[in-house]
Amino acid sequence: MNWISDDQRYENAEFRRCGRSGLDLPLISLGLWHNFGDVDSYATGRSILRRAFDRGVTHFDLANNYGTPYGSAERNFGRILAEDFAAYRDELIISTKAGWDMWPGPYGNGGSRKYLLASLDQSLRRMGLAYVDVFYSHRPTPDVPLEETIGALIHAHRQGKALYVGISSYNAEDTRRAENILKQEGVPLLVHQPSYSLLNREIEVDLLQTLDELGVGCAVFSPLAQGVLTEKYLAGIPEDSRAERSRFLDKDSITDKQIGKVRSLLALARQRGQTLPQMAVAWTLRDPRVTTAIIGARNVQQLDDTLDAIKNITFSSEEEKLINRITI
Ligand code: NDP
């Protein structure tokens with residue numbers, strides 16, 4: 001029998017409008033960068049996705065090279081979509097991206113039209129989809145004319161293979177340029193996807209302000225700093241943690257200084273009656289310019305814990321000051 005989602009799934013779900021578009025995104029979205037590849041448990045990944053949707057998470061974020069090996073997160077997601085979510089496609093916002101290394105040779109990485117459009121076709125095939133909701137340029141590529149990279153997004157949009165387009169990790173100036181190129185072709189820039197957490201506040205310098213001015217949404221990634229903003233690294237590096245298992249989280253980056261900050265933040269989270277992951281995600285959402293926080297989860301318990309962040313996303317000015325003292 002087909003899986004049936006909880007019919008109360010939208011009861012406690014909250015959404016925010018993505019920039020000046022007509023699209024709402026859930027306060028918390030789920031990303032499939034880690035934990036959904038062929039090296040991971042398919043059954044666990046499937047449980048995480050079911051649970052997320054049952055709790056009103058309508059947005060799933062992917063990229064061509066997510067999972068180990070590359071492409072496997074999209075393939076596994078496609079299988080779960082077909083097995084469990086076929087009836088729910090129109091309740092889902094599915095995004096994918098191209099820009100980082102994907103296949104060998106000069107056309108499998110970067111910002112060329114050749115790469116982006118071929119990659120989107122491959123992503124659609126892996127996920128068994130006719131279109132994605134959002135197609136992103138995954139990173140700025142200064143060696144490629146921006147007109148070409150953004151032109152590829154426009155083409156995908158016109159083909160109907162992407163309902164909306166986005167950019168990731170672009171600075172404020174290139175964001176303005178990209179938005180302008182899109183605007184001239186009548187294609188709105190829906191969303192920007194930058195890194196943002198208590199341990200990485202760079203977007204506060206000028207990107208958030210720029211997005212607000214342009215009416216572009218902001219989907220922040222790694223709000224838990226890949227798991228550093230949890231209690232797991234307080235007494236060393238656990239074997240099952242990302243720092244131990246993934247090349248993307250360097251053990252050496254988890255310094256004593258960093259852990260000192262985490263301890264102080266944990267004390268504040270406890271005072272607020274939240275777990276540290278909950279406070280960390282809530283903090284990114286305290287700013288209405290942030291549309292959604294894209295989290296990762298290795299199991300259903302982590303997901304359930306983090307999703308409870310939305311129960312309290314308000315911070316007093318004293319709490320803000322204390323956080324600034326700890327993190328800046
Ligand atoms: P997070 O900062 O949320 O880190 C997720 C990791 O933190 C989990 O895999 C787990 O790691 C740990 N964790 C999560 N919840 C808990 C909890 N409640 N208690 C204890 N540990 C917890 O996000 P990610 O770095 O995974 O990124 C999220 C998404 O953002 C990605 O999947 C992707 O979609 C997007 N992204 C986009 C990028 C871009 O360039 N556009 C770059 C990076 C991410 P552990 O295994 O150690 O337990």
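Visitor: On the other side of helix 5, which residues are exposed?

Guide: This is a predicted model. In it, Glu-173, Lys-183 and Gln-184 are the exposed residues on that side of helix 5.

Visitor: Which residues of helix 5 are buried?

Guide: Thr-175, Ala-178, Glu-179, Ile-181 and Leu-182 are buried. Start with the general idea: an α-helix has 3.6 residues a turn, so residues three or four places apart point the same way. Now the case here. Seen down the axis of helix 5, the buried residues fall within an arc of 160 degrees, so they line one face of the helix.

Visitor: How many residues does helix 5 have, and how far does it reach?

Guide: Helix 5 runs over residues 172-184, which is 13 residues. From first C-alpha to last it reaches 19 Å, close to the 18 Å expected at 1.5 Å a residue. Just after the helix, Gly-186 takes a positive phi of about 75 degrees.

Visitor: Turning to the ligand, how many residues surround it, and which are the closest?

Guide: The ligand is surrounded by 30 residues, and the closest are Gly-31, Trp-33, Leu-224, Gly-227 and Gly-296. Strand 10 (292-295) and helix 10 (300-307) are the elements that give two or more residues to this shell. Helix 10 gives the most, with 3 residues.

Visitor: How do the residues of the shell divide into nonpolar, polar and charged?

Guide: The shell has 15 polar, 10 nonpolar and 5 charged residues.

Technical notes: Residues are numbered from 1 along each chain as its sequence is written. This is a predicted model: local features need pLDDT of at least 70, side-chain atom pairs count only at pLDDT 80 or more; totals for chains, interfaces and linings use all residues. A residue is near a molecule or strand if its C-beta atom, placed from the backbone, lies within 6 Å of it. Helices (H or I, at least four residues) and strands (E, at least two) are DSSP runs, numbered from the N terminus. Ala, Val, Leu, Ile, Met, Phe, Trp, Tyr, Cys and Pro count as nonpolar, Asp, Glu, Lys and Arg as charged, and the others, Gly among them, as polar. The expected span of a helix is 1.5 Å times one less than its number of residues. A residue is buried if 20 or more other C-beta atoms lie within 10 Å of its own, exposed if 12 or fewer, and partly exposed in between; C-beta atoms are placed from the backbone. The arc is that of the directions from the helix axis to the C-beta atoms.
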